[in-house]
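Trainee: Could you walk me through this protein? I would like to learn how to read a fold from its contacts.

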Amino acid sequence: MRLNLRRGMVRTVALAAAVSLPFAFTPPAGATTTGVSDALAGALSGTVKGKNVKKHLDKFQEIAAANGGTRAVGTPGYDASLAYVKDKLRQAGYQVSTTDVEYPLRWEEFSPSVLQQVTPEAKTYTNPADFVTVISSSPGDVTAQIQVVDAVIPVPGTPNTSTAGCEAADFAGFVPGRIALIQRGTCPFVDKATNAKAAGAAGVIFFNEGQPGRTEPFQFDIREWRFGFPIVFASTAVGLDLADTPGTTVHLKVDAKTTVGQTKNLIADSRWGKRDEIVMVGAHLDSVPEGPGINDNGSGSAAILETALRMAHLPTKNKVRFAWWGAEELGLVGSEQYVAGLSQAERDKIRLYLNFDMVASPNDVTFLYDGDDSDAEGAGPGPAGSAEIEKLLEKFYGKRGLSFKGTDFDGRSDYGPFIATGIPSGGIFTGAEGIKTAEEAATFGGTAGAAYDPCYHSACDGIGNINAAALDRNARAIGYSTAFYAYDLSTIPDRNATRSAAALKSAATFARASKGAAS
């Protein structure tokens with residue numbers, strides 16, 4: 001025991017001495033410290049081992065087993081998981097804090113919603129044939145003029161032609177206090193409602209876009225309960241009827257309530273580093289109610305915890321902030337509320353965000369978030385600096401002869417709120433319910449035609465659902481990328497210099513892609 005402790009102390013002291021070199025050494029003019037940072041990051045990464053990460057996963061499994069088989073937000077299992085991580089970080093000397101998170105426990109509708117045309121003629125629409133209540137709608141009883149928002153009428157022949165309500169500019173000239181009438185199409189409903197709220201709408205009536213198969217109302221969960229006005233979804237026929245006469249007045253009523261729960265995010269700041277140069281690293285801590293969530297996302301949470309512990313005594317150049325998010329499984333709630341609660345000055349201090357969600361899937365592929373959109377799929381590139389994060393991770397795997405593949409910023413994890421505010425992001429993901437292709441199996445091994453994680457969001461996502469080899473190599477990559485940026489941000493654009501309205505507008509497409517039904 002003493003021998004092992006002494007060896008551990010020697011390694012820690014040696015690494016701490018090594019990482020102090022960038023502060024003591026001033027390179028010649030025109031030289032770069034990137035090589036030094038790479039060497040230091042490589043040394044740190046060698047200390048972040050899968051077998052040690054698994055010890056944290058064993059604890060998460062033990063916590064779940066003692067608390068009904070789950071670590072979901074709002075359960076003792078989540079609270080115990082947070083307490084475990086918090087205790088480890090405090091013992092290691094981190095500045096640990098929590099931020100409050102509100103999340104929806106349940107939404108209840110007490111009576112059928114009402115949609116009536118008051119003028120120019122009295123008409124009552126039928127629920128649910130003509131319209132339905134949008135789940136998570138706020139309550140409200142409003143009589144007001146409607147205002148059509150950038151609808152495509154006559155109805156376009158191709159689905160998702162309409163972009164009505166997708167941009168704030170669509171609400172130019174909108175009169176506050178009116179009810180927004182918004183056509184389905186292109187972007188998530190939650191984006192349309194968010195823009196309507198910003199424009200001062202007193203309610204929202206969505207209507208279906210109008211192509212075959214897209215004419216009738218259907219119920220969906222917009223997964224945002226704080227709009228403060230009633231929201232319904234109507235058929236194309238109702239939407240066109242209401243849009244037909246300017247100045248139409250309607251009565252809109254939703255009798256519902258969302259019961260809100262309280263939980264916390266956990267934040268840990270390194271003792272060293274520039275306070276206005278923050279490298280942020282995050283993973284969601286909660287599981288789904290159905291299981292212990294050891295891969296999703298105990299694996300990411302445990303890997304960044306082990307990285308934090310290994311870096312605890314290293315005098316970093318830049319401040320490192322680790323985050324364990326709550327209520328991700330309810331729609332990125334914890335990370336979104338954290339980012340929303342930051343001032344612009346505080347956001348500008350965060351130079352980049354690294355996200356690690358599911359890094360040990362049993363039938364894994366090493367997916368790296370496609371910061372430069374080189375795959376030309378889905379959402380497009382991340383904010384300036386995201387491409388450089390992807391390249392750094394590619395360098396780590398490539399240098400070790402390991403394969404990797406790009407994956408889209410599809411909005412399904414906690415990078416979403418950071419990208420939406422223009423913060424460059426990247427990270428690692430090893431696959432969820434998607435199916436591994438034959439080409440992927442030839443490159444990465446595993447089983448073609450099977451899910452990357454057959455236990456995704458299931459009770460079987462326990463300690464036996466972890467791919468030990470994937471956990472080890474990806475934990476080392478997490479350690480490498482975190483340590484590299486802790487010493488070297490030279491490839492990441494300064495936030496104050498790069499932030500612009502155009503960049504934020506582009507980034508906003510990522511903001512809530514998983515929070516509401518897509519149009």
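Mentor: What follows is a conversation about the core, some helix pairs and a loop residue.

Trainee: Before we start, what kind of model is this, and how many helices and strands does the chain have?

Mentor: This is a predicted model, so please keep that in mind throughout. The chain has 16 helices and 14 strands, and 54% of its 519 residues count as buried.

Trainee: And what share of the contacts with a separation of 6 or more comes from residues 24 or more positions apart?

Mentor: Those residues account for 82% of such contacts in the chain.

Trainee: Okay, now the inside. Which residues of the largest nonpolar core touch the most other members?

Mentor: That core has 58 residues, and the ones touching the most other members are Leu89, Tyr94, Phe322, Trp324 and Tyr485. Helix H14, which covers residues 468-487, gives the most to this core, with 10 residues.

Trainee: What does Trp324 touch?

Mentor: Leaving aside residues up to four places away in sequence, Trp324 touches a list of residues that includes Tyr78, Val85 and Leu89, as well as Ile304 and Leu305. There is also a second, separate core of 23 residues, with Tyr415, Ile419, Ile423 and Phe429 among them.

Trainee: Back to H14, then. At what angle do H8 and H14 pack?

Mentor: Helix H8, residues 294-311, packs with H14 at an angle of about 50°, and their axes are 9 Å apart. The two helices are therefore oblique to each other, and their crossing is right-handed.

Trainee: Which residues meet there?

Mentor: From H8 you will find Ser299, Ala303, Ile304, Thr307 and Met311, and they meet Leu471, Ala475, Ile478, Gly479, Thr482, Ala483 and Ala486 of H14. Sorted by class, the residues of this contact are 8 nonpolar, 4 polar and no charged.

Trainee: Why do residues three or four places apart point the same way?

Mentor: An α-helix has 3.6 residues a turn, so residues with that spacing point the same way.

Trainee: How do the axes of H5 and H8 cross?

Mentor: Helix H5, residues 76-92, and H8 have axes that come within 9 Å and cross at roughly 10°. That makes H5 roughly parallel to H8, because angles under 35 degrees count as roughly parallel. H5 passes H8 in a left-handed crossing. On the H5 side the contact is made by Tyr84, Val85, Lys88, Leu89 and Ala92, while H8 brings Leu305, Ala308 and Leu309. By class, the contact of H5 with H8 has 7 nonpolar, no polar and 1 charged residues.

Trainee: New topic: how many residues of H6 are buried, and what do they pack against?

Mentor: Helix H6, residues 189-198, is mostly covered, since 7 of its 10 residues are buried. Among them are Phe189, Val190, Asp191 and Lys192. The buried residues of H6 pack against strand E5 (179-183), strand E6 (203-207) and strand E7 (231-234). H6 is followed by Gly200, whose phi is positive, near 95°.

Trainee: Last one: where is Thr163, and why does it count as partly exposed?

Mentor: Thr163 sits in the loop between strand E4 (140-149) and E5, and it counts as partly exposed because its relative accessibility is 35%.

Trainee: What does Thr163 touch?

Mentor: Not counting residues up to four places away in sequence, Thr163 touches Asp150, Asp170, Gly185, Thr186 and Lys192. As for Thr186, it is 23 residues from Thr163 in sequence, and their C-alpha atoms are 5.5 Å apart in space.

Terms used: Residues numbered from 1 in each chain as written. Predicted model: local features only at pLDDT ≥ 70, side-chain atom pairs only at ≥ 80, totals over all residues. Heavy atoms only, no water. Core = buried A, V, L, I, M, F, W, Y, C linked by side-chain atoms within 4.5 Å. Buried < 20%, exposed > 50% of the residue type's maximum accessible area, 1.4 Å probe, protein only. Helix = DSSP H or I, 4+ residues; strand = E, 2+ residues; numbered from the N terminus. Contact = heavy atoms within 4.5 Å. Axes fitted to C-alpha atoms, helices over the stretch in contact; angles between N-to-C directions. Parallel < 35°, antiparallel > 145°, perpendicular 65-115°, else oblique. Left-handed = near helix turned anticlockwise from the far one by under 90°. Nonpolar A, V, L, I, M, F, W, Y, C, P; charged D, E, K, R; others polar.
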